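Q: I've got a new structure open. Can you walk me through a few spots in it?

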Amino acid sequence: MKRIFLAVIFFALIGGSCRDSFLTVVPQNGSITDAEFFQTTEHFDSFIFGMYTEMQGVADQISVPGSLMQDIATDNNQANLPVFMNPNNGVFYDKFWQVYFNIAARANLVLEKLPQAPAQARDRIEGEAHFMRGFAYFNLARCFGSVPLLLESYRPTQDVVGCTPEAEIWNQVVKDLTVAAAKLPTVAGWGANNLGRVTKGTAFAYLANAQMYLKKWPEALKATSDLDALGEFGLMPNVRDPFSRFKENSKESIFEIQFREDNNFNWGGNYNKGTLLPKLTAPGDAGREFAPGGGWGSFSFTRKYADSFEPGDARRRELVLMASEKYKGEDMKDTFKMPGVFAEAKNAFSTKYWRGPQLGPSDLLNPQNVPMMRYAEVLLNHAEILFETGNATLAYEKMNLVRNRAKLPNRPVSTDREVFFRDLMRERRSELGMEPNIYFHFVRTQRLAPFLKSEYNIDFDPNWTRFPIPQRDRNQNPNLCQNPGYR
């Protein structure tokens, strides 16, 4: 874990001060020391911004969980699960393990330095740090289960720390997110210059989701109800709205990875001004007038996914493109028509991130945000929570709000558990395709194995509900655990 701490300190030394908008930072000359750094609100903010930028590098891998469901085909080998699910696969280290431990390490250092923070900003700084640590361990727990629980900045003993049981990780997530919900500002409280930073509502949404993992349904219901009581969140009118670059950080946004053209961070060569998702999700050889770099076709939906939508579903019409269909993204001058016969004819393409040709200065990166959680997902979570607390009627009301936005009629209320979860998981699949959380909902509800068998005739090894602990860290730390089924 020592290398994580050193990266944290390095960022602190090159970090800058907050100006008049979120994620705008003026780099320093490198002469500041750790002892001198945590003195002003600007110092703390610039260090906290490093937690946001840590997440930018994982945006282009949000398809990994979806591909494990087989609904997303990639140019890697996720479809071959026995090959993909191994401790030496670098994607688990680079895109999950390392980034979330980095975020947790930054949060630990902020909390350690909190007594030095200016009094007028201390609560907000504490809330943001607790959210980031809770968010980091939320992801580590659902990906890996038992992991090292590090609640202090670096100590040499962390180099040989063992794993903490998963239940204790979840309990810590709940503690952190509870503090965050109490300390963080609302959207209005942050003000327009800080739009995109985590809020009280963000903390409530992830707190509710964490309680769902613990099956603490009354507590989950309270967190979701507290979110709604804020009155700051709701569905946007159209299914495409949450993915429009003109409507970023809207009322439907719970949490988005921020990509800003005013972002002056220099964070080790990782993506700081845009995401590869438009290029990766556009059809291969679509042409530069329609897609960044002409389109790569690396992440595409399977035909089974495209055919799973109900007739008339606006999400199929607006957000999924098949052979011979037409699409005019918001940044396209002309209409793109998918060839009837082309290399990926058996697949379909997501238009959630692919909106048109390259906009930014790089041919690789587009400066557009990537949603991590939306209010539509919160509504579907709320539906599950309500059903588990005995209110099937209101559960379907929440689910039907999402369906109605997609131009679909209400589903009739059923108190039968299997019917309800069939309805709910179909809705999640249609709403959350090519987004980061869909796979984890199937794993958490123990519905992934039956789904893969019925849809793709794939036998799912129960051990794969947790990712393998990366072998590279196990080679350095003899006390680091490994999940069952991996060597």
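Q: Where is histidine 382 placed?
A: Histidine 382 is in helix α15, residues 375-388. Keep in mind that this is a predicted model.

Q: Is histidine 382 buried or exposed?
A: Buried, because its relative accessibility is 5% and the cut-off for buried is under 20%.

Q: What does histidine 382 touch?
A: Leaving out residues up to four places away in sequence, histidine 382 touches Leu221, Thr224, Ser225, Asp228 and Lys398.

Q: Thr224 is on that list. Which buried residues of α11 go with Thr224?
A: The buried residues of α11 are Trp217, Ala220, Ala223, Thr224 and Leu227. They sit on the same side of α11, because they cover an arc of only 125° around the axis.

Q: Why would spaced-out residues point the same way?
A: An α-helix has 3.6 residues a turn, so residues three or four places apart point the same way.

Q: What covers the buried residues of α11?
A: The cover includes α10 (200-213), β4 (253-257), α15 and α18 (438-444). Histidine 382 belongs to α15.

Q: And which exposed residues are on the face turned away?
A: That face of α11 carries Pro218, Lys222 and Ala229.

Q: How many residues does α11 have, and how far does it reach?
A: Helix α11 covers residues 217-229, which is 13 residues. From first C-alpha to last it reaches 18 Å, close to the 18 Å expected at 1.5 Å a residue.

Q: What follows α11?
A: Glycine 231 follows α11, with a positive phi near 70°. Methionine 236 is in the loop between α11 and β4.

Q: Is methionine 236 buried or exposed?
A: Methionine 236 is buried, with a relative accessible area of 13%. Its contacts are Asp241, Lys247, Ser250, Lys251, Glu252 and Arg405, not counting residues up to four places away in sequence.

Q: How far is methionine 236 from alanine 376?
A: They are 140 residues apart along the chain, and their C-alpha atoms are separated by 9.1 Å.

Q: Let's switch to another helix. How much of α3 is buried?
A: In α3, 15 of the 16 residues are buried, so the helix is mostly covered. Helix α3 runs over residues 41-56 and reaches 23 Å from its first C-alpha to its last, close to the 22 Å expected.

Q: Now strands. What order do they take in the open sheet?
A: The 4 strands go β3-β5-β9-β6, with antiparallel pairing. β3 and β6 (320-321) stand at the edges with a single partner strand each, so one side of each has no neighbour in the sheet.

Q: How many bridges join β3 to β5?
A: 3 bridges join β3 (residues 72-74) to β5 (residues 299-302). Alanine 73 stands opposite serine 300 there.

Q: And how many between β5 and β9?
A: β5 and β9 (residues 347-350) pair over 2 bridges. Phenylalanine 301 stands opposite alanine 348 in β9.

Q: Next, aromatics. How many aromatic pairs are there?
A: The structure holds 38 aromatic pairs. One of them is phenylalanine 387 with phenylalanine 421, which counts as edge-to-face because the planes are at 85°, with the centres 6.3 Å apart. Phenylalanine 387 is in helix α15 and phenylalanine 421 in helix α17 (residues 417-432), 34 residues apart.

Q: What charged end sits over the ring of phenylalanine 421?
A: That of arginine 447, 4.1 Å from the ring centre. Likewise, the charged end of arginine 142 sits over the ring of phenylalanine 440, 4.1 Å from its centre.

Q: What does proline 470 touch?
A: Proline 470 touches Pro87, Phe92, Tyr93, Trp97 and Phe144, not counting residues up to four places away in sequence.

Q: Where does proline 470 lie?
A: In the loop between α19 (448-456) and α20 (471-476). Proline 470 is buried, at 2% relative accessible area. From phenylalanine 96 it is 374 residues away in sequence and 9.9 Å away in space, C-alpha to C-alpha.

Key:
Residues are numbered from 1 along each chain as its sequence is written. This is a predicted model: local features need pLDDT of at least 70, side-chain atom pairs count only at pLDDT 80 or more; totals for chains, interfaces and linings use all residues. Side-chain values use heavy atoms; hydrogens and water are left out. The expected span of a helix is 1.5 Å times one less than its number of residues. Buried means under 20% relative accessible area, exposed over 50%, partly exposed in between (1.4 Å probe, protein chains only). Two strands pair if DSSP finds at least two bridges between them. Contact means heavy atoms within 4.5 Å. The arc is that of the directions from the helix axis to the C-beta atoms. Rings of Phe, Tyr and Trp (its six-membered ring) pair if their centres lie within 6.5 Å; planes under 30 degrees apart count as stacked, over 60 as edge-to-face and the rest as tilted. A charge sits over a ring if NZ of Lys or CZ of Arg is within 6 Å of the ring centre and within 35 degrees of the ring normal.
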